[in-house]
Amino acid sequence: MIEKGRISYLELALIMYATVVATAILYIPYVTSQHAKRDLWLSPIWGSLSGFLIVMIIVKLSKLYPGKTLIEYGELILGRTLGKIISFIYLFFLLHDTAIAFREYGEFIESAFLHKTPIIFVTGSIALSCAIAVHGGIETIGRCATIFLPIVLALYILIYVFLIPDLNVKNIFPIMQDGIMPSIKGSIAPHAWLSQFSLMSFLIPFLTNQQKVMKWGMFSVIASVLTMVFINLGNLLLFGGIISNLYFPVFEAARFISVGSFFEHIESMVIAFWVLGGFVQLSSFFYMLTLGTSQWLTLPSYKQFVLPIGFLIIIFSVWSIPSFEEMIQGMGTTMPFYFLTVQLLIPVLLLGVAVIRRKRSNSFLP
Amino acid sequence: MKIGGILGVTVILVLIFLYQWPKLNKNGRKVKITFFLLMLLNWVLAVLLVIFPEMPGPGQLIDFIYKSFETFW
């Protein structure tokens, strides 16, 4: 096996949580509220369906092929040629997804702080620091997650605790004014984000102990959904109807904090801590991409490819997304379908074929 | 400006190459070839992007494939 490090259940859950939630809390309130309006806090609950489904499928697959990632068992299930093609589609998607995540990070930092810096410097510098973590292997990322995420999580909660005097509970009404459909339509973006739980298949083989992986995967999905509901609800209570005009409501909310008129301008602290979560997210994406690529090519080691793949990610983050507006628009329209077809359909296909093959080989054997 | 961009990209890639090359000698031939091809792909894409910044990319491909789904939503 290429990777020698091992992680615990908690580290798995935290890495997956960071992978999904770090950018989700920035972009989901805006994208969801375009369709759902005041029901935006319901949308992640519908989105959780695809999260649960994907975790179940991935755990089933990893039980059938223990110690293998999606790239490796894809080849075992579908045969060499077809397996390589399917794995290539998945890897290309992962490269694209990683590039989008880096771009999301860069756009946020740029619009919040570094207005005049070229975005390539922002993404390039985080890519360099992530490359160091990736070079350290999965254990490094797992330890980073256990150290950083409690701080980030406390931050998410503290923003809205400080804002309690400004929250207006009446903003939540009317609930489901136009029926249930707007919230389901808005759930397309949470679906896309939660479908990223298919990346769990890259982490399961490195668990020290694999019996309770289903429970911890589900726990991670529930935690992500609750965070999204909490953030959406907090923003709705604070901003009311104007939420569909704000690109980064969480950042605006942090800007709003003013306790006793001496505790102000918290947003710089918020970004500084948020970057910790973003770092864990980006380095886990980066790690999965590097590991997947070297497994696809059946190479003995992945560490040599960290820097070239990092460079490729930065190229893609510039190339595949022309502008911020197009990225935001794509998140509400085409991107979720892309995410769902690759991350839901490929595991479903693999599981179906694997189960049929198992049944047939069992019936032929005495 | 374009010459500067191409030079900058080349310098970064050469630095990565010089940093990684001594470590590659320990591994097999396949690792070396893959590394070399990856660097070549990086260089070609980066230079193309410096010269033609508006080059259609994978984002447009995805938009083209999934455009028809939008009407259902």
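Q: What makes up chain B in this predicted model, in helices and strands?
A: Chain B has 3 helices and 0 strands. Read along the sequence, the pattern is α-α-α.

Q: Why is chain B called more spread out than a compact globule?
A: The globule rule gives 11 Å for 73 residues. The radius of gyration of chain B is 18 Å, well over that value, so chain B is more spread out than a compact globule. The C-alpha trace spans about 55 × 35 × 15 Å along its principal axes.

Q: How much of chain B counts as buried, and what is its surface made of?
A: Buried means under 20% relative accessible area. In chain B, 29% of the 73 residues count as buried. The accessible surface comes to about 5,000 Å². Carbon and sulfur atoms hold 77% of that surface.

Q: Where does UniProt place the feature "transmembrane region" in chain B?
A: The unreviewed entry puts it at residues 6-21 and 33-52 of chain B. Such annotations may be inferred rather than shown by experiment.

Q: What does the model show over those two spans, helix or strand?
A: Residues 6-21 of chain B are 100% helix and 0% strand. The end C-alpha atoms of that span are 22 Å apart. Residues 33-52 of chain B are 95% helix and 0% strand. Their end C-alpha atoms lie 28 Å apart.

Q: What makes up chain A, in helices and strands?
A: Chain A has 14 helices and 0 strands.

Q: How do you know whether the radius of gyration of chain A agrees with a compact globule?
A: A compact globule of 366 residues would have a radius of gyration near 21 Å. Chain A has 21 Å, so the value agrees. Its C-alpha atoms fill a box of roughly 75 × 45 × 40 Å along the principal axes. Buried residues make up 61% of the 366.

Q: What share of the contacts in chain A joins residues at least 24 apart?
A: The share is 85%, counted among contacts between residues at least 6 apart in sequence.

Q: What about Ser50(A), buried or exposed?
A: Ser50(A) has 5% relative accessibility, so it counts as buried. Ser50(A) lies in helix 2 of chain A, residues 43-64. Not counting residues up to four places away in sequence, Ser50(A) touches His191(A), Leu194(A), Ser195(A) and Leu340(A). Leu194(A) is also among the contacts of Ser224(A).

Q: What makes the phi of Thr298(A) worth a remark?
A: Thr298(A) has a positive phi of about 45° although it is not a glycine. Thr298(A) lies in the loop between helix 11 (267-296) and helix 12 (306-319) of chain A.

Definitions and conventions. Residues numbered from 1 in each chain as written. Chains lettered and ligands numbered in written order. Predicted model: local features only at pLDDT ≥ 70, side-chain atom pairs only at ≥ 80, totals over all residues. Heavy atoms only, no water. Helix = DSSP H or I, 4+ residues; strand = E, 2+ residues; numbered from the N terminus. Rg over C-alpha atoms; globule rule 2.2 N^0.38 Å. Buried < 20%, exposed > 50% of the residue type's maximum accessible area, 1.4 Å probe, protein only. Contact = heavy atoms within 4.5 Å. Areas by Shrake-Rupley, 256 points an atom, 1.4 Å probe, with all protein chains shown as cover.
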